[in-house]
Amino acid sequence: MIVYDKNLLDNLSLVEEAKSLQSAGFISKEQKDLIKKELPAFKRQSNILVRLGFFLLGAFLYISICGVISLVGLSGERIFFEICCYIFAVVGFAVAEFLANQNYYEHGLDDAFILGALLNVGFAIGITTEGYEIVIAFFVAIASFMMYKRYLHLVSMLIFCIAVSAFLFYGMFEFGAVGKAILPFVAMLFAAGFYFFTKNLINKLTESYHYKGLLWANTFCLILFYLSCNYLVVRELSAELLGNEVLPGQDIPFSYFFYAFTFIVPAIYLVQAIRTKDRIMLWISFLAIAFSIYTIRFYHSVLPIEVALTLGGMVLFTIAYFSIRKLKNNEVGVTFKPDRINNSNALLNAEALIVASTFGLKPELKTESPMEFGGGGFSGGGSDGSF
Amino acid sequence: MIKFEEQATQKLLDKNLITENQYREITTYRGLNIFSLNAELKFFLYLSVLLFTSGIGVLIYKNIDSIGHIAILSILFVLICVCFYYCFKNSKGFQKAETVFENPVLEYLVLAGNILTCIFIGYLQFQYEAFGTHYGLATLIPTIVSFSCAYYFDNKSVLAIAITGLAAYIGLSVTPQDLLKNINFYEDQTLSYSAIMLGVLLILWTVYSSRIQLKTHFNIIYLTFALHIISIAAISSLINYFEDIVWLFFVIALAGSSYYFYKISYEYKAISLYVFMIIYAYIGINIFIFRVLEFMDFRDLWIFIIIALPIYFIGSIILFIKLIKNFNKEIAA
């Protein structure tokens with residue numbers, strides 16, 4: 001099913017390994033360059049900025065091709081509007097196939113055409129069925145799965161996961177009120193089942209080609225599992241879908257279960273992540289904890305925001321400080337020492353940018369009040385007209 | 001997953017691309033089973049500083065009438081003193097080259113102290129008009145403090161604050177989100193000139209500091225700011241103003257900066273500068289072509305233009321692939 005030459009895929013993983021070994025300092029730069037030269041490779045952009053740039057260009061190209069086709073088709077009848085998206089999708093598939101044959105892989109150009117084709121499949125089915133969501137989700141799921149299988153395209157895998165979940169949700173809506181009421185539980189069971197299914201597949205893998213795609217699906221399941229029974233999500237969705245207004249003094253059914261779920265799951269993720277040394281799960285657990293706190297603050301104003309921020313900052317500082325002190329001298333296992341091979345330093349490089357965007361000084365002439373500068377926290381407040 | 005990485009290492013060995021010794025070293029290291037929380041914990045420290053200082057900022061803002069001013073000022077002052085006390089005690093003093101603290105926590109204390117100082121000065125100005133009605137001074141002083149902190153403690157985040165402060169002093173908001181929203185240049189054309197001047201100044205400073213070998217690793221930050229400030233100012237003026245002389249001036253400014261950053265990104269081997277330079281130059285060229293087309297009679301041409309567009313894009317893609325390939329070859333050498 002994979003269109004690419006397996007040798008090239010193997011070479012890619014070897015070169016990636018050589019790169020990480022070089023940055024870890026196990027092999028020299030000359031050796032890495034030699035390895036890179038020895039092994040024939042894909043036309044691939046590893047830099048995300050460059051890849052985004054080519055993605056944009058590819059998208060422009062795709063749109064302009066569609067423009068030319070429309071120019072020809074406009075002279076035709078109304079029928080053109082009904083089939084134009086199919087034509088565009090076919091164009092997308094054809095160009096994607098062409099690029100793959102030219103050994104473009106994770107280049108940006110191929111992304112543009114694959115994603116564009118999927119988008120057009122969605123539109124085309126939408127036009128034909130007049131926006132019947134479950135059918136759209138079904139066909140998009142099939143198309144994106146084919147795209148993943150053929151081009152090992154990771155974003156297609158993500159779209160596949162989203163489309164399958166959408167299919168499930170709209171399927172439950174078909175059952176009316178009962179379906180909507182049990183939706184959280186069904187979604188939870190589905191996520192859990194799919195999680196263990198993909199986990200199992202990963203463990204059984206002998207070749208690395210599908211590893212990343214399965215990992216994405218696996219990660220998606222983790223997130224879906226947490227969100228499916230998060231109190232905030234459940235309550236807002238039930239208000240949206242069932243029209244259940246929660247009156248003061250009342251709560252949604254099974255509220256204790258949802259509250260407990262909101263807090264126990266991130267904790268489980270965290271413990272499990274540290275235990276199995278799973279970095280992705282660790283990050284998801286951090287995000288889940290943050291979202292759980294947000295959930296509580298959304299319904300119960302425990303503390304005024306400024307006190308919460310200040311205290312939160314202090315607590316976080318203490319946690320980080322003592323963890324660092326504790327882990328500083330560990331030589332093996334969980335440690336504070338930077339890992340030579342897998343490091344997530346990209347995150348730290350973004351720090352200066354984040355600081356500049358949250359705490360950048362702004363000119364006062366425009367903001368009318370000198371209170372504006374100094375703290376990012378001010379900017380929301382605006383001035384009270386004392387100036 | 002470790003399994004596949006080990007496989008890859010094994011294959012590298014089989015193909016004789018790494019030596020037996022290296023292979024053994026790598027497997028021993030993998031055997032340690034290290035799970036490093038370095039980046040995560042540092043990020044937590046960083047986040048805690050941001051949360052704490054924002055909280056303090058809002059706290060002061062909301063309670064400006066209720067808590068005594070002296071109380072606020074003294075609490076802030078004590079906090080600042082504590083932060084800087086630890087930083088000075090543990091710092092190795094000013095150095096021209098890149099330095100790092102032995103204890104990573106201190107880096108974030110510098111940041112906290114600096115932001116709190118900015119709040120302190122802002123509060124002083126708001127409440128007591130300490131700098132009279134010279135609001136410029138109230139921006140300039142935090143800027144100077146930030147610059148000295150950035151250079152003394154070698155802190156990039158503080159440097160970014162300092163540069164935004166410098167821009168604020170001349171009336172520009174160069175926080176990334178404002179640059180993206182492009183809010184600066186709509187009202188005031190003269191601001192574009194000052195923006196370009198600021199960019200040029202930043203560039204000149206990098207030239208000077210690399211000559212005297214002063215914190216050369218800061219240059220990339222200055223250059224990033226300069227590139228974005230100059231290019232965005234020029235492009236938004238190209239879109240908004242149509243007097244011919246002025247328009248031509250901005251064309252030249254954009255072309256000049258693109259050429260300079262083309263050279264400089266090779267010198268620094270910085271692909272982020274290179275890519276953004278290409279993007280801005282491409283936008284500029286397209287605006288230029290559009291203006292030229294406007295002079296011709298548009299109505300007869302539009303079918304031709306739509307048909308020519310795919311060819312135009314294919315041409316640009318080929319050109320870009322060439323440019324990127326060249327760059328990658330050059331920095332690998």
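**From domains to a helix pair**

Tutor: In chain B, the centres of domain 1 and domain 2, taken over C-alpha atoms, are separated by 48 Å. Domain 1 covers 2-31 and domain 2 covers 38-146; such bounds come from an automatic or database domain assignment. This is a predicted model, in which local features need pLDDT of at least 70 and side-chain atom pairs count only at pLDDT 80 or more, while totals for chains, interfaces and linings use all residues. Residues are numbered from 1 along each chain as its sequence is written, and chains are lettered from A and ligands numbered from 1 in the order in which they are written.

Now turn to chain A. It has 17 helices and one strand. Both are DSSP runs, numbered from the N terminus: helices are H or I with at least four residues, strands are E with at least two. Of its 387 residues, 32% count as buried. A residue is buried if 20 or more other C-beta atoms, placed from the backbone, lie within 10 Å of its own; it is exposed with 12 or fewer, and partly exposed in between.

Here is the close look. Take helix H7 (residues 154-173) and helix H9 (residues 211-228) of chain A. Two packed helices are described by the angle between their axes and the distance between the axes. For this pair the angle is about 35°, and the axes are 9 Å apart. Axes are lines fitted to C-alpha atoms, for helices over the stretch in contact; angles run from 0 to 180 degrees between N-to-C directions. H7(A) passes H9(A) in a right-handed crossing.

Which residues of H7(A) and H9(A) make the contact? H7(A) brings A:Leu154, A:Met157, A:Leu158, A:Cys161 and A:Ser165. H9(A) brings A:Lys212, A:Gly213, A:Trp216, A:Ala217, A:Phe220 and A:Leu224. Residues are in contact if their C-beta atoms, placed from the backbone, lie within 7 Å. By class, this contact has eight nonpolar, two polar and one charged residues. Ala, Val, Leu, Ile, Met, Phe, Trp, Tyr, Cys and Pro count as nonpolar; Asp, Glu, Lys and Arg are charged; the others, Gly among them, are polar.

Next, step into the loop between helix H8 (177-204) and H9 of chain A, where A:Tyr209 sits. A:Tyr209 counts as partly exposed because it has 16 C-beta neighbours inside 10 Å. Leaving out residues up to four places away in sequence, A:Tyr209 touches A:Ile2, A:Leu9 and A:Leu152. A:Tyr209 and A:Lys6 are 203 residues apart in sequence, yet 8.7 Å apart in space, C-alpha to C-alpha.

Another loop of chain A, between helix H4 (79-101) and helix H5 (109-128), holds A:Glu106. Its phi is near 50°, a positive value in a residue other than glycine. A:Glu106 is partly exposed, because 17 other C-beta atoms lie within 10 Å.

Last, the meeting of the chains. 80 residues of chain A are in contact with 86 residues of chain B. Helix H13 (residues 305-327) of chain A gives the most to the chain A side, with 15 residues. That side has 45 nonpolar, 24 polar and eleven charged residues.

Key. Two residues are in contact if their C-beta atoms, placed from the backbone, lie within 7 Å. A crossing is left-handed if the near helix is turned anticlockwise from the far one by less than a right angle, and right-handed if clockwise.
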